[in-house]
Amino acid sequence: MRHTISIIVENEFGVLARVVGLFSGRGFNIDSLSVAETLDPSVSRMTIVTHGDEQIIEQIIKQLNKLINVIKVTDFHDGEFLDREMLIVKMHATEQTKPELLRLVDIFRAKIVDVSTKSYTLELTGDEGKLRAALELLRPIGIRDMVRTGKVAMQRGVGQSNGNA
Amino acid sequence: MLIECLKLEGVETIFGYPGGVVLNIYDALYSSDIHHILVRHEQAAVHAADGFARASGKVGVALVTSGPGATNTVTGLATAYMDSIPMVVFSGQVPTGLIGNDAFQEADIVGITRPCTKHNFLVKNAAELPGIIKKAFFLARSGRPGPVLVDLPKDVVVSKAPFKYPEKITMVGYNPTYEGHLGQIKKALKAILAAERPVIYAGGGVILSKAADKLTKFAKALDIPVTMTLMGLGCFPGSHKLSLGMLGMHGTYRANLAVTESDVLIAIGSRFDDRVTGKVDEFAPGAKIIHIDIDPTSISKNVKVDIPIVGDVSAVLDQFLGLMGDVDGKERKKHLAPWHKQVKVWEGEHKMDYGQGKDEIKPQYVVEQLREITGGDCIIATEVGQNQMWAAQYFTLDKPHCWLTSGGLGTMGYGFPAAIGAQAAFPDRVVIDIAGDGSIQMNSQELATVVQYGLPVKIAILNNRFLGMVRQWQELFYGKRYSHTVMDHAPDFVKLAEAYGALGLRAEKPSDVKKVIKQALAHPGPVVMDFWVAREEGVYPMVPAGASISNMLLA
Ligand SMILES: Cc1ncc(C[n+]2csc(CCOP(=O)(O)OP(=O)(O)O)c2C)c(N)n1
């Protein structure tokens, strides 16, 4: 099962290494990872996408909580959270493929952020399903290069997950 | 400033080894009343701090220089981390301006020790030093205890900042749970009272939480048999009739069968280590499992727990005892009589026995004689291997904090320096390291330390001229192909002791054993006893790795 885990950490020297070291040292998987400051600059939020059976996910959450610099760990379940990831993808662009590319840009509400004679670079934001669908359609046209940010996630509604709540 | 902080933390003794970047600290020590013991290898400083902590229940402290001094602490930290021992290690570091430059004797010790410490700190300026030291000691001793490393760059130690030791510290991310959940406790008690075949499985957490008395009261009041892990030995009196002895790979026949047949298993301060459970699916298959532990990660990590209780063992046992006012002792005895009868049957089916003849000294006999002649009133350290298991099986312990052994990591070379730490904490007590001829060679340089400080540690080498435990596995599982476990090239241990200025004694036949032990105990200084024991004696019972614990090889 894939899980999206949000971790609020003290913004201290070495804290990323502690979290990542925990995953590698105990054989847990990281599918994606993103980190940035929160509203409170002494605190950062990491979003980690991982997978494993129920027992492994339970251990991951407990082990994360055990780290001294970790303030709060939230495991987001289906539907309770918003998640987004950004993708920048550089496409082969020929006279034949350009119309199809523009059509896909429109459908997926992507943006063209750079053009050259042979390439279009697209910026696309969405949840996991949307990006997967877009990539499926883009791949046959010819991808030259691509980069993804990793997922960020937030609870829906009024609840906060920054540790102060 | 560092020294001031140590004094405020109540530190009286530290174990260390100097070097370039800690010269200033050593200079301050020169005129301070903190007792510093100069070891001969930094690994020994950390094990000594660990032994000090296990024996005294206080935080052990070690001090080393940067680079190689710091990397030499890694085994000691990992050993203490696995066994949750409260300890603070101070390492010197190159000046902050040089960090990252591959400066002379620079090592990223914070990076290296991250996975084998409870937490670690690099102090970046003098102003944060007192706060970090306070946190380090607090983290080491609170919650599930563990080693903490504090890395001290030279310029930070030298620079002056106004000294203020914080009264209180806050760590938003650190909040151990001490009291157990009352609902869970009531539920557990109900299950325990209804059980027909209950067993208590107690571990090192009972000792760390200083709850041996409470556990004993709890077990006696409910009339429940107690088995202990290697780390838990001493948390319940081993000679009490409710004691089943140790469980697991080299546990007793009755303990392993009782756990397997139990209907309620009460795990207290133990963590279902693979050396205890054997094959997990067949571990206490019919039991409802209750688990009391301060560390939530220990619960349901290896074995699914039915009633988890997160909390400090001591506090939780108090809560249990508070609810047990109306437990009727007579009624309990009647209720559990069939179970005790069954345990007795198992006890009769297989007794711990080794058959001491006239010619060869049996290692188990040496351990039993040590127990008999000391009356058990001493602190036992062990090395790792057969010596450790025989010590666990045959040196019946009745009290906590008298047993220093590397359980989780299984570190050869641990016992002797740990014994030094315990002896430093209790100069007047008898401290014995039960050793193998292989292990003792890993830190035998510390003979110089015990002689220098007049620490009267007694070492009992069960000398089989093999790396015995590995040999035993080769005998059983590798067709007796003794690949690189034969150690007939060892020093003459008597002469080795003498070379350092200690007393060396040897026993070659069974009739020498008592004499040697008595002579060693009568000697006021450190002694090495070299017992030439039956070379191919094995440790039994034995559960082969990965088998069910009810599946024991008995000889
Ligand atoms: C530092 C370290 N290296 C290797 C081992 C693996 N090992 C476990 S027991 C053992 C043999 C120990 O031999 P000895 O100290 O002579 O004790 P005996 O088993 O003969 O009592 C070895 C090599 C270990 N536990 N620790």
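1. Contact between the chains. In this predicted model, 20 residues of chain B are in contact with 18 residues of chain A, contact meaning heavy atoms within 4.5 Å. Between chain B and chain A the buried area comes to about 1,600 Å², with carbon and sulfur atoms giving 54% of it. Buried area is the accessible area (1.4 Å probe) that two parts lose on being put together, summed over both.

2. Salt bridge. One salt bridge is counted between chain B and chain A; the term requires a side-chain nitrogen of Lys or Arg within 4 Å of a carboxyl oxygen of Asp or Glu. The side chains of B:Asp295 and A:Lys66 meet in a salt bridge, with 2.7 Å from N to O.

3. Conventions. Residues are numbered from 1 along each chain as its sequence is written, and chains are lettered from A and ligands numbered from 1 in the order in which they are written. For this predicted model, local features need pLDDT of at least 70, side-chain atom pairs count only at pLDDT 80 or more, and totals for chains, interfaces and linings use all residues, while side-chain values use heavy atoms, with hydrogens and water left out.

4. Confidence in chain A. The mean pLDDT (the predictor's confidence in each residue, from 0 to 100) of chain A is 92, and 96% of its residues reach 70 or more. Within chain A, strand β7 (residues 119-126) has the highest confidence, at 97, and strand β9 (residues 152-155) the lowest, at a mean of 91. Strands (E, at least two residues) and helices (H or I, at least four) are DSSP runs, numbered from the N terminus.

5. Nonpolar patch on chain A. A:Leu16, A:Val20, A:Ile30 and A:Val35 form a nonpolar surface patch with about 270 Å² of accessible area together. Patches are made of residues with over 30% relative accessible area and no salt bridge; like charges are joined within 9 Å, nonpolar side chains (Val, Leu, Ile, Met, Phe, Trp, Tyr) within 5 Å. Accessible areas come from the Shrake-Rupley method with a 1.4 Å probe, and for residues only the protein chains shown count as cover. A:Leu16 is in helix α1 (residues 15-25) and counts as partly exposed because its relative accessibility is 39%. Buried means under 20% relative accessible area, exposed over 50%, partly exposed in between (1.4 Å probe, protein chains only).

6. B:Cys235. This residue lies in the loop between β8 (226-228) and β9 (243-246) of chain B. B:Cys235 is buried, with a relative accessible area of 1%.
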